[in-house]
Structures are given as structure tokens and as C-alpha cells.
Amino acid sequence: MKRTKIKELLSSPKTGEDVLVKGWVRTKRGNKNVVFIALNDGSTISNIQVVAEASSFNEDLLKDITTGACLAVTGKLVESQGQGQNVEIAAASIELYGKSDAETYPLQKKGHSMEFLREIAYLRPRTNTFGAVLRIRHSMSFAIHKYFNDKGFFYLHTPIITGSDAEGAGEMFHVTTMDLANVPHSNDGSVDFSNDFFGKPTNLTVSGQLEGELGALALGDIYTFGPTFRAENSNTPRHLAEFWMIEPEMAFYDLTDNMDLAEDFVKYLIRYALENCREDLDFLNNMIDKGLLERLNFVVANEFVRITYTEAVNILVNSGKKWEYKVGWGTDLQAEHERYLVEEHFKRPVILTDYPMSIKAFYMKQNDDGKTVRAMDVLFPGIGEIIGGSQREENYEKLLSRIRELKIPEKDLWWYLETRKFGTAPHSGFGLGFERLILFVTGMSNIRDVIPFPRTPKNAEF
RNA sequence: UCCUCAGUAGCUCAGUUGGUUAGAGCAAUGGACUGUUAAUCCAUGGGUCGUAAGUUCGAGUCUUACCUGGGGAGCCA
């Protein structure tokens, strides 16, 4: 008999038919005469109830059916006599694939703390919460590709290993095959990379943007979606050393086009989740965050506020609030300022634009005022900055002078500058932190719980 | 990296101004129960109190250092 997934079984139940299901035991209860097994195969958050008449099965087999054990069950799908479910399987035969010693299996029927589950990340996908999060994570990945594909964007694979140390987005992880116990040095005392694998210093990427721009200036509209690595010693519920980032880059987009795309993109993803992940979202709304569905619906239904950095500073200065960090034109906005704008003043997502040139990256297009750049940050409630982007500086002289002002090693960026020499074009792009999106969509509060195997300072287990 | 809180049974926690043999709920184990829904009821076992040093007649409790985790901040996505 062919195996049926539980999701399929529950969505279009054909009672009276014989079925074969395979999955892991969530709970077992019962008495002398009848045993009830809640079986889950990961295809959906719901379990199927397997009912076994004790007299029809070997006593030792029933004893070995404990929380966590893996079973293959054949039987007839019937209407349930109980209250909790519509259909159940009247078991005809049960094959035990894998026992699960109840005394040592870490997962119980009762709830566990997120901190404990993090320590057993090799098993936590078997819980309702992580099953829901991981299914939603998959759906969001798929929706991202679908959104861009439908819009005629091309998925560009930018390198994971990079030879330039120029973007300045964060501390980097070195990539080397050198024997670290015996690192060769040049005469001047510096590390000699000439015999290293690439013959020069290399790192894991902190952003695919610069290569993404090369793609946009050939293919028109591209996006990247891949792992990103930051060796920052950041210990917060919003940072990972290894995370996934989506970076669209579009030729002929100005900053307004860029904002329009970012807003449409994020709303599309949230709408996609609402339409396709309903059961999992309902579960998370009940168990994790009672305001989740309301917040998701609100974001989809309302325009994002768009104001300039200068306007934001005025609002903050005139708010009458006491700030831990001083607000003034030219300083970067702190978490408390962003939170005030999003959560108290406007009470909705906010896009801030036209930041001072001095606090933003070298590649952002300079405004005519000579002091601001065409940057945009999308700020979300509870998350903070979920998207950062800009129109890029396409003028060769302006870009070069900015690189020199900031003393960025020009020799590492020669290829990037070349694009401004040959057929340069106005273009824009942004980066969306995938896990931060998942945080928002799931209502989870710690970024370590929206990626299967989190990498953070002092933690690379599993 | 900084500030702050915490670490006691498999899990979640209680443990009084330092005082005899460290407790509870859940889980587990054994039993009861004719359809259960995180089942219920009865019983049983389970601890180097994060690690190391110190103060003291005496430390789960006080001190110091370190480790691990949470929350906040910075850096950022």
C-alpha cells in the first residue's frame, strides 16, 4: 500500500478506505481495552489519531509505542467516536520502525521552554512550535522565489567566499587552508597568504550586494537569496553569525521605485503566509503571540509611512520624550528612537529615507544637498530595521571620491568601479534579513528559534 | 563587548535573618480504569544545589573568579 501523508488524509478524508501512515508518536493514552496514539509526520501541525484495540495487538508492541517512537500504521480511516477529531484510523497493523526510550527521550508531552529546546535543537523540529516555524520558513522561501520570478527577476548566485574586504558591513570570518599552528609570515612580519588556497586573504561574504549590482547592470532585475556571515560579537535576540538574506538589485529604479518594491514585497510575503500557512499561524497565534494574526493583517492592510531622516529627527526632538541617547541631525537613530516612531508615534511600519551621508555606506547615491544620501530603512514593530537599502551612486567620480574619503582600499573594488565607467545606469536595491522576516511572521521572539541550527558567538553545536 | 537577572530532580520552579535527613507539580516506572484528547486515580524511584576557591562551628543560602543561559544596550539584517 502507498503511504499517505497526514496532511492529505485530513484535508480530504475518504472514510472507509484503508490507508498507510508513517510518523512519530506525540502522545499515547488509553486503558486495558483500547489505546489512542496521536501520530504526526511533519506534513501538517495536526496529528492523526490511531486507535488500537488492545486485544488485537501484541502487548510488548503496545508497550514500546511511547512518545517519540516511529511507526507505520495501516488501517481503515473512520469517523471518530470521540470529540477532538473528525476522523481517525482504526489500526489493523502497526510496524514499529524505531523505539524511543521514554526514560531518556528529552521531549515530553508537556510544553518546554525555548531555552531548553535550543539545547536539543536536533529534536526540536518534532515539536508543534518548531514544526510550524519551519514549515512557515519553507513557505516564505518559496514565496520569495515566486514573487521575484513572477516579476521577471533573475536569481543570481553571488559568491559565498569573497576576496574583498571592502563592503564594511561587519566583521568577517576568514577562509583559509593554512595550518593555523604554523602560519607563514613575510619578512615585514605580516601573514604571507601567497601559498594559501586562494593566494590571498579571503572571507565569508557579509553581503552579495556589490556582485548583485553587477548582475543588475546586465540582466536588469536580479535578486540574491543566500547565507550571509557576520563575525560580530552580537548577543541579542535579533542577531545571528550565519543568517540568510534576500538582496534584490534593480537597474533603472530610483529610491521611490525601490520603496514601492520593498513595501509590495513584504506585504506579498505576509499575505502569502496568511493564505497558505493558516493552520500553523493559528497555532502560533494561540500559543506564542495572541496578537500575531491581527498584526499581520494590519501590516498588509495599511500603507507604510514614508518620511525623511530629517523629518524623523524633528518628530523625535519635538516629542517631549527623554532619550537615553541624544537626538540631533547627523547622529544615527538608536533603537529607542526607531521604536518610538514605529510603535508609538505612527503605530505602523515606517520607511525612513535620505539619511546623512556620514552615517551611511559609501555606495549610496548622494543627494544634491551635498549632505544626505538616498538611503531607506524599513522599520517594523518589535523587529526594528527589517530592510535596509538605497539608490546606488552611479556616477564614477562621486563614487571614487567617496571611497577615497572613507579610505576604503580602492584596489579591492576596481571591478565594482568599472561598472560606472562602462554604461553606468541609475539603479537601486535593498537587503531583507530573512530570519527577521520570519520573526515577524511567526511572532517568535528570539531569532535563534526561527532557524533550524542557529550560529551565534560561542555556539556552533549540531 | 557593556549593563542586568538567573543557574536546585529529566522539565518548570519553591527553598525564610546561614542551622539537623533539600521540597512541589509535571515527566518516568509499577498498578487501576470499556473511547481517551497535554486523560484521570493510587503508589514508587530519582539531587556532587553550574564550576572552583574563600568566609564560618556549620553554606543551596554569604564573598570572589570563571562558565552557561535570559533580558536590555551597542554593532547591524
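Let's start with Tyr 155: in this predicted model, Tyr 155 is partly exposed, with a relative accessible area of 35%. For that term, buried is under 20% relative accessible area, exposed is over 50%, and partly exposed falls in between, using a 1.4 Å probe and protein chains only. Tyr 223, by contrast, is buried, at 3%.

Now, how do the rings of Tyr 155 and Tyr 223 sit together? Their centres are 5.2 Å apart and their planes meet at 15°, so this pair is stacked. The rule is that rings of Phe, Tyr and Trp (its six-membered ring) pair if their centres lie within 6.5 Å; planes under 30 degrees apart are stacked, over 60 edge-to-face, and the rest tilted. Because Tyr 155 is in strand β6 (residues 154–155) and Tyr 223 in strand β10 (residues 221–229), the pair ties together parts 68 residues apart in sequence. Strands here are DSSP runs of E, at least two residues, numbered from the N terminus. Both tyrosines belong to a cluster linked by ring pairs, which also includes Phe 142, Tyr 268 and Phe 430. The model has 23 aromatic pairs by this rule.

On to the strands. β10 and β11 run antiparallel, joined by nine bridges; pairing takes at least two DSSP bridges. Strand β11 (residues 242–251) has eight of its 10 residues buried. Five bridges join β11 to β16 (residues 427–433), again antiparallel, with Glu 249 opposite Gly 429.

A word on conventions, friends: residues are numbered from 1 along each chain as written, and chains are lettered from A and ligands numbered from 1 in written order. Local features need pLDDT of at least 70, side-chain atom pairs 80 or more, while totals for chains, interfaces and linings use all residues, and side-chain values use heavy atoms, without hydrogens or water.

Note on methods. Helices (H or I, at least four residues) and strands (E, at least two) are DSSP runs, numbered from the N terminus.
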